[in-house]
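Welcome! Take a moment to look over the sequence and the fold before reading on.

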Amino acid sequence: RDRLRSRGLGDVYKRQGKGYVLMFYQIYNIHLLNGEVIQASEPYDLPTNKGLVGMFKRMEENDILTVNDLLLGSAYIPRKSILYLATGDVAEGKAWK
């Protein structure tokens with residue numbers, strides 16, 4: 001009998017549906033010095049250096065992190081108010097074709 005290949009967490013994939021593609025997003029928690037936590041997401045298969053973590057590593061003290069998140073909204077966060085980034089859950093989302 002034919003069986004689909006097993007897909008592990010590291011194996012990112014997109015399933016086709018009617019009018020949309022099911023995608024997976026990595027959620028990040030941006031911890032601020034004032035105790036607030038802002039969530040942001042990006043495509044799970046986006047290379048680290050092109051995503052939020054890569055931008056954060058390249059920032060200088062007076063830079064502003066611009067987060068444009070299709071799932072969670074937009075934010076402009078000064079680098080000096082960010083304590084650290086933490087990896088959150090992986091979420092599913094639909095993207096129209």
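Let's begin with Gln26, which counts as buried because its relative accessible area is 10%, under the 20% cut-off. Keep in mind that you are looking at a predicted model.

**Around Gln26**
- You will find Gln26 in strand β2, which covers residues 20-32.
- A polar atom of the Gln26 side chain lies 3.4 Å from the backbone oxygen of Asp89.
- Beyond its neighbours within four places in sequence, Gln26 is in contact with several residues, including Ala40, Ser41, Thr87, Gly88 and Asp89.

**The hairpin of β2 and β3**
- Strand β2 pairs with strand β3 (residues 37-43) in the antiparallel sense, over 7 bridges.
- Tyr25 stands opposite Pro43 in β3.
- The two strands, β2 and β3, form a hairpin with 4 residues between them.
- In the turn, Gly35 has a positive phi of about 95 degrees.

**Around Leu52**
- Leu52 is found in helix α1, made of residues 52-58.
- Setting aside neighbours within four places in sequence, Leu52 is in contact with Tyr28, Ile30, Ala40, Glu42, Leu65, Val67 and Leu85.
- Leu85 is 33 residues from Leu52 in sequence, and their C-alpha atoms are 9.0 Å apart in space.

Definitions and conventions: Residues numbered from 1 in each chain as written. Predicted model: local features only at pLDDT ≥ 70, side-chain atom pairs only at ≥ 80, totals over all residues. Heavy atoms only, no water. Buried < 20%, exposed > 50% of the residue type's maximum accessible area, 1.4 Å probe, protein only. Polar contact = N/O pair within 3.5 Å; in protein donor to acceptor, adjacent residues only side chain to side chain. Contact = heavy atoms within 4.5 Å. Pairing = 2+ DSSP bridges.
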